[in-house]
Amino acid sequence: MVVLEYPKKISTRLSSIDTLRGLVIILMALDHVRDFWSSFPYRPDDVSQASVSLFLTRWVTHLCAPTFIFLAGVSIFLYQQKVENKQSVSLFLIKRGVWMIVLEIFVVNFLWQFSYNVLFLQVIWIIGWSMLVMAALIWLPRWMLIVAALAIVGFHQLLSLLEPQQPTMHNLLWVFFHRPVLYMSMGDGVPPLFDVYPLIPWAAVMLGGYLIGPWFRQAADQRKNNLLRLGSVLIVFFIALRATNGYGDPNPWAIQERGWIFTLLSYISISKYPPSLLYICLTLGIASFLLILFERTKGMVVDFLGVFGRVPLFFYLIHIPIINLGALIWTYLSFGKSVNFFFTPSAYWPADYVPHLWLTYLVWAALVAGLYFVCRWYGNYKRQHPYQWLKYL
């Protein structure tokens, strides 16, 4: 996760961005705690097996990646307004993008596994590459960027008609650009690849945030009206297109024998890998409404979320090893051996292991409560010590 520095003259109008960013960063932690502490032998969004609570625990975290990458695009626009020099912005994005890619490969990858058994590439990786793309795109005319963003979000799903069913080293570019892969052999001496964040759709999401950046220099009422229109259009479009059960998402919804509520869950069960048109519409529609809500809301909750939203990369880097190490200690004490449930097939889980969703929420609450004080300290330190290197954390 990354935050760009905002212009001083508009910083007071950006608390909603920090608040929303803080919300999605702690929701992301919920998903990660579930992976390590309460893994189930089936997908949490499988409406034929998952409970309502398990499904919604996973589903709500769909908001995280698109919202964060979208807000990163907004931040790029605001940073550009501050420096008023596209060459400086491009150079900054190149340096920041390369840093994020290196960080993902050599640091984040290790923190997930405490090893390098898998080349595990996720959101930090794709944020870095999307910033490199944005370093070039900011030079193009605005109308061209609007057309590109709409075309990619609307029609990138058609690439699935062309991409290979089985990715290999010979068609590896498909994995990078559009075809997610959960496990792919990379040859002798090279860890297998896990890469589910392809560049084409996610760079378009960041571009979309960049394109609405001017709204955050408008008067508050005008900005809220624009966000309301955007959110309404996206949600209505989602409902209407999803009802057709045709184009928009590769996984159709269906009437469920388990009851109407599971039919509803099937309706809102949308594809993240890669992010489908309907996935982007629903998540960014909700994000638009949340931005309005957080502009109108003040108080302890907003202040609490803002602490995390101002230092998201710092939070990201420290929460993973805490979750991972804590789970290894817990499994050792509980089952006599340390188990990383996220990277271990269910056939090798301890025989007496039973997943409990309540444990996820208990650990998550303790994690967020503890890291609040750490993040608040770091945020204050960062404000009081304007060292250049701190901009990269």
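Figure 1. With a disulfide taken as a pair of cysteine sulfur atoms within 2.5 Å, the count comes to zero. Cys 281 is buried, with a relative accessible area of 5%, and Cys 375 is buried as well, at 1%. Here buried means under 20% relative accessible area, exposed means over 50%, and partly exposed covers what lies in between (1.4 Å probe, protein chains only).

A note for reading all the views: residues are numbered from 1 along each chain as its sequence is written, and side-chain values use heavy atoms, with hydrogens and water left out. Because the model is predicted, local features need pLDDT of at least 70 and side-chain atom pairs count only at pLDDT 80 or more, while totals for chains, interfaces and linings use all residues.

Figure 2. The fold has 14 helices and three strands, where helices (H or I, at least four residues) and strands (E, at least two) are DSSP runs numbered from the N terminus. The radius of gyration is 21 Å, close to the 21 Å that the globule rule gives for 393 residues, so the protein is as compact as a globular protein of that length. That radius is taken over C-alpha atoms, and the rule is 2.2 Å times the number of residues to the power 0.38. Along the principal axes, the C-alpha trace spans about 60 × 50 × 45 Å. Buried residues account for 56% of the 393. Looking at contacts (heavy atoms within 4.5 Å) between residues at least 6 apart in sequence, 73% join residues at least 24 apart. The accessible surface comes to about 17700 Å², and carbon and sulfur atoms hold 68% of that area. Accessible areas come from the Shrake-Rupley method with a 1.4 Å probe, and for residues only the protein chains shown count as cover.

Figure 3. Six salt bridges are found in the structure, each being a side-chain nitrogen of Lys or Arg within 4 Å of a carboxyl oxygen of Asp or Glu. As a reminder, side chains of opposite charge can pair when their charged atoms come close. One of the bridges joins Asp 18 and Arg 21, at 3.0 Å from N to O. These two residues are three apart in helix H1 (residues 15-37), which means that about one helical turn separates them. Asp 18 and Arg 21 are both buried. Further along, Asp 31 bridges to Arg 34, with the closest N and O atoms 2.7 Å apart. This pair, too, sits in H1 with a spacing of three residues, about one turn of the helix, and both partners are buried. Asp 31 and Arg 34 belong to a network of salt bridges that also links Asp 35 and Arg 58.

Figure 4. The side chains of Glu 295 and Arg 223 meet at 2.6 Å, N to O. Glu 295 lies in H11 (residues 277-296) and Arg 223 in H9, so the pair ties together parts that are 72 residues apart in sequence. Glu 295 counts as buried at 14% relative accessibility, and so does Arg 223 at 2%.

Figure 5. Ala 50 has its place in the loop between H1 and H2 and is buried, with a relative accessible area of 1%. Its C-alpha atom is 9.0 Å from that of Phe 40, ten residues away along the chain. Setting aside neighbours within four places in sequence, Ala 50 is in contact with Tyr 42, Arg 43, Pro 44, Phe 55, Arg 258 and Phe 262. Phe 262 is one of the buried residues of H10 (residues 260-268), along with Thr 263, Leu 265, Ser 266, Tyr 267 and Ile 268. The cover over the buried residues of H10 includes helices H2 (52-59) and H9 (220-244).

**Figure 6. A nonpolar patch on the surface.** Ile 94, Val 98, Val 102, Phe 106, Val 107, Phe 110 and Tyr 116 form this patch, with about 580 Å² of accessible area together. Patches are made of residues with over 30% relative accessible area and no salt bridge; like charges are joined within 9 Å, and nonpolar side chains (Val, Leu, Ile, Met, Phe, Trp, Tyr) within 5 Å. Val 98 is found in helix H4 (residues 86-113) and is partly exposed, with a relative accessible area of 41%.
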